[in-house]
Amino acid sequence: KKLCWSLSSTTSVKTVPSRVNPTDGNNVMIERAKRYFSLGNKVKQQLGPTNADDLKRELADDFEFVAPLVGPLNKDAIIAATVGVDFAEGFPDFDARYHDFRIDVDDPNRVWCTMRVTGTHTGTFQFGAVTAKPKSSPPICVESPPEAVSLRFDEKGQVREITTGYPMDRRVGNTGGLGGIFGIVEGIGYPLPTFLTRTTGEIISPLLRAIGFALSPPDKALLCVPKPNKLLPEMELLNLTTQLLEKKFGTQNSDLLAESFTFSGPVVGPLTKKEFLSTFGSFNFNEAFPDIDYQYRDMRVCPYDPNRVWYTSSPTGTHKQTLNIGDKSYPPTNQKWISPPECGSMQFNDDGECISLTGGYIMDRRIGNTNGLGGVFGICEALGLPSPFPVFLLYTPIQNIDRLSKMWKEGYLLK
């Protein structure tokens, strides 16, 4: 059986699995989620139903759809956006590859899973105003990064919420790190306008590099997911991950990290072993947040990337002591830090050394008090501290306009 460990880590990590097999415990809810995704299937596995009658019946009247760059959308809006989307015509071998179904630790009516889209673009694909016809021979095979997905059901069994399209590793696939349909059309050569899909920092990066504010693009070799030769046993991988968490990702024992180690987040990295230890070794989260609880859970071995283990965390803590971030120190603010759920992963080589670490990928931007930011950027946002670089660079231009509009309405720009 596939193991799915639930971890708790305030000062240490529990090594005894408290949840075995993510499909057990609330199988009815998980089967309900699988049934929803399969409605009207014309391919191996579509993203979800696209028939108006199915959607009207399955979605609750107070339904809400939230993706990283879209939403919240209500029931009528998601039906209008979804009806008529035909993956079978554009991608006959389309497969969303939903896997790792599991129940939310705090909400028994919420089911999480991972999506990893693949499909060969051999026909015309219609999405809104985009008419995507094959451009090349051989045709493009699109592959999206792994994406965090969730469905929440109400007491009637209808779908109350869907969150989807949250990338878990920007290095994977050929969509430029984008999830959802935005990523699919980007991967086949029909990108949507960058002000909708790319952060302000990405868009103006050439200018930022010209003035010395941004680093040069990373070596493409560092942006590839490693491929170990030897598959390690599942229990060994889980134990290695637990050990690395206990040693604060290797900052307390660098021998756990391979010399070829890299760290990659949604914004930061890839960092080499030396850069990672220098940067992350300076953080003192446990001291600055005496009540910190990382809430590690849902540890599971990846079925696609060899020797890779995924996990979820939802860090919280109160800023009671001096916080060190890089060469900056911040006195206590007594403010609470509540992070959205974040996805991380570790990958190991044949000798059990960590060769790749990912983190900071949020799974639901509505949760917490970080305005949808993960990692150090989320901490700064929650505590009202200066970010390592301007926060507006982390949002798309459209999101920045929405943020300014909200601030104007709330009177912040008038103070």
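Student: How many bridges pair S2 with strand S3 (residues 110-115)?

Tutor: This is a predicted model, in which local features need pLDDT of at least 70, side-chain atom pairs count only at pLDDT 80 or more, and totals for chains, interfaces and linings use all residues. Residues are numbered from 1 along each chain as its sequence is written, and side-chain values use heavy atoms, with hydrogens and water left out. Strands are DSSP runs of E with at least two residues, numbered from the N terminus, and two of them pair if DSSP finds at least two bridges between them. His99 stands opposite Thr114 in S3, and the antiparallel pairing of S2 with S3 has three bridges.

Student: Why is strand S18 (residues 342-348) described as largely enclosed by the rest of the structure?

Tutor: Buried means under 20% relative accessible area, with exposed over 50% and partly exposed in between (1.4 Å probe, protein chains only). Glu342, Gly344, Met346 and Phe348 are buried on one side of S18, as are Cys343, Ser345 and Gln347 on the other. S18 is therefore largely enclosed, the buried residues numbering seven of the seven.

Student: Which residue of S18 is the bridge partner of Trp310?

Tutor: Strand S13 (residues 308-313) runs antiparallel to S18, and six bridges join them. In S18, the partner of Trp310 is Ser345.

Key: Helices (H or I, at least four residues) and strands (E, at least two) are DSSP runs, numbered from the N terminus.
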